Amino acid sequence: MTEEKKTTQPTPRVEEEVKSYYYPDRDADMEEVGRGYSIWRNNTFRTMVLGLTPLVVINFIYLYNNSDILMDIFNKFQTMVLEEMSNQDPTNIYIIITLAFLSLLGLELVISVFLSKRRREVYLVDFSVFQPPEQYKISHEFFVEHTKSVGWFDQDSVDFQSKLLYRTGLGNETYFPAGITKKTPDVSMESARSEAQLVLSGCLDSLFAKTGLKPQEIDILIVNCSLFNPTPSLAAMMMNRYKMRSDVLSYNLSGMGCSAGAISIDLAKQLLQVHKNATAVVLSTENITQNWYRGNERAMLVTNTLFRMGGAAIMLSNKSKYYWTGKYRLVASVRVTKCHDAAYNAVYQTEDNKGNKGVRLATGKDLMTVVGDCMKTNFTILGPMVLPWSEQIKFFVNFCYRKLVGGKKVPAYVPNFKKAFQHFCIHAGGRAVIDGLEENFNLTPYDVEPSRATLYRYGNTSSSSIWYELNFIEKQHSVKSGEKVLQLSFGSGFKMNSIVWQSIRDIGPSKKKKSN
């Protein structure tokens, strides 16, 4: 009864403001549009070759079956060339042969460069999310009582966290690490390491069981954890635990916030373009033990009510055999970082006036303006890669018309991205963020159900949240072969990153009717 009564309280102003700032009054930048079309330009030659190949083959078959026609054409051409050469000066003949030879060399060079630049397909073989044991489960009641009993917060801060907790969208069964839930919290380095090892090994063991992958078969290992960066690194911790090969390419990303999971996937994609027949594993998590804020500054207390323990392990490969056995094919990845003071300071780790370390979040209009501007840039680049031609033509005509008559006289056309994606994994950063994206992209409750369900069941697990959402889609919805999934994450910097996957096969339960 207490929870129901509190959830009916008026929504704070920050949530009322959130929906109005996702589309700042800024026209599309041609450079951003061009970055999106660069992928199309790079693939134009390949498209032409694929399109002309059937025509060449058909003509070859026809001429092969009618060899007399071919011989007649050849004899006429030979006679014409011999007559022309007999009338030419020897110097001209030498120049013509030299130019022809150089042209062939040039053509060979172009073809060689094209083949060397050909993009290798990256397959998502499978993934696993960390399912914490029951002993780490906490309720709202426990959170409130524990917040009071630890003695770190004054009464105003306790009341503020208690009220905010019931408005975040988190359910009554999320997870905290053991170090925080102790009567006297243990936030030592060893306690933080224990949390990291529990989460990372938990989801990695599950991945090994699902895929049959052995630790010695991993070629690339990428671990991302924003706020806990020990020495040796978390990547080294996992390599040592599973006794991986000494030549594994390991990377440890820190300080990149909730968007680091998508960044890790993009890094793996770049590495898989270079290393043939390789297998990459990405581990995404955030460490809570040393990052439970112990002060009384409200802008830094918000993270206490939102962030919870979680992680994910993802197996990627460029091996062609996974075209038949993998789950998804990577279609596109776009990374955007806004470089100005408002964006840089939007999510900022610092100390309060009493020396307590925490993460300060910008609130209200300032944060939403940064998010909106970053998202607009990302989608402007992503659009040409994924949108159907009908939407691209509408956008281009509207863009040109606005340039001619003035942008303020004609509203900007916002492409319908629902025509490009069938499933959405929006970072579960909070209820207000999900509400804003749902409204501005005209998404249905069905579309944002994975995000809301993840936030409710697990809380904000930072970089791994988009994988909990995809896990929900596979288990509760269904992904048909050929359908596309958008994973959208954002975090400190300020960064917004998008990943697009296309399903290789049917995944999940049987058909389930969509409801609006």
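**Hairpin β12–β13 and its surroundings**

Trainee: Which residue in the hairpin of β12 and β13 takes a positive phi?

Mentor: G493 does, with a phi near 140°, and the hairpin has three residues between its strands. Strands here are DSSP runs of E with at least two residues, helices are runs of H or I with at least four, and both are numbered from the N terminus. Two strands pair if DSSP finds at least two bridges between them.

Trainee: Before I go on, what kind of model is this?

Mentor: It is a predicted model, in which local features need pLDDT of at least 70 and side-chain atom pairs count only at pLDDT 80 or more, while totals for chains, interfaces and linings use all residues. Residues are numbered from 1 along each chain as its sequence is written, and side-chain values use heavy atoms, with hydrogens and water left out.

Trainee: Why is β12 largely enclosed by the rest of the structure?

Mentor: Because eight of the eight residues of β12 (residues 484-491) are buried, where buried means under 20% relative accessible area, exposed means over 50%, and partly exposed lies in between (1.4 Å probe, protein chains only). K484, L486, L488 and F490 point one way from the strand, V485, Q487, S489 and G491 point the other way, and all are buried.

Trainee: Where does F494 lie?

Mentor: F494 lies in the loop between β12 and β13, and the peptide bond that joins G493 to F494 is cis, with omega about 5°. A cis peptide bond also joins T231 and P232, where omega is about 0°, and P232 has its place in the loop between β4 (220-224) and α11 (234-242).

Trainee: Which way do most peptide bonds go, cis or trans?

Mentor: Most peptide bonds are trans, and most residues other than glycine have a negative phi. K243 has a positive phi of about 50° although it is not a glycine, and K243 is found in the loop between α11 and β5 (249-253). N277, likewise a residue other than glycine, has a positive phi near 45° and lies in the loop between α12 (260-274) and β6 (279-285).

Trainee: Is K243 buried or exposed?

Mentor: K243 is exposed, with a relative accessible area of 54%, and N277 counts as exposed at 56%.

Trainee: New topic, how many disulfides are there?

Mentor: The count comes to zero, taking a disulfide as a pair of cysteine sulfur atoms within 2.5 Å. As for individual cysteines, C203 is buried at 0% relative accessible area, and C225 counts as buried at 1%.

Trainee: Last one, what does the pLDDT of the protein average?

Mentor: It averages 83, and 83% of the residues score at least 70, pLDDT being the predictor's confidence in each residue, from 0 to 100. Over residues 40-44 it stays under 50, and the model has two contacts beyond four places in sequence for that stretch, a contact meaning heavy atoms within 4.5 Å. Where pLDDT is low, the predicted coordinates should not be read in detail.
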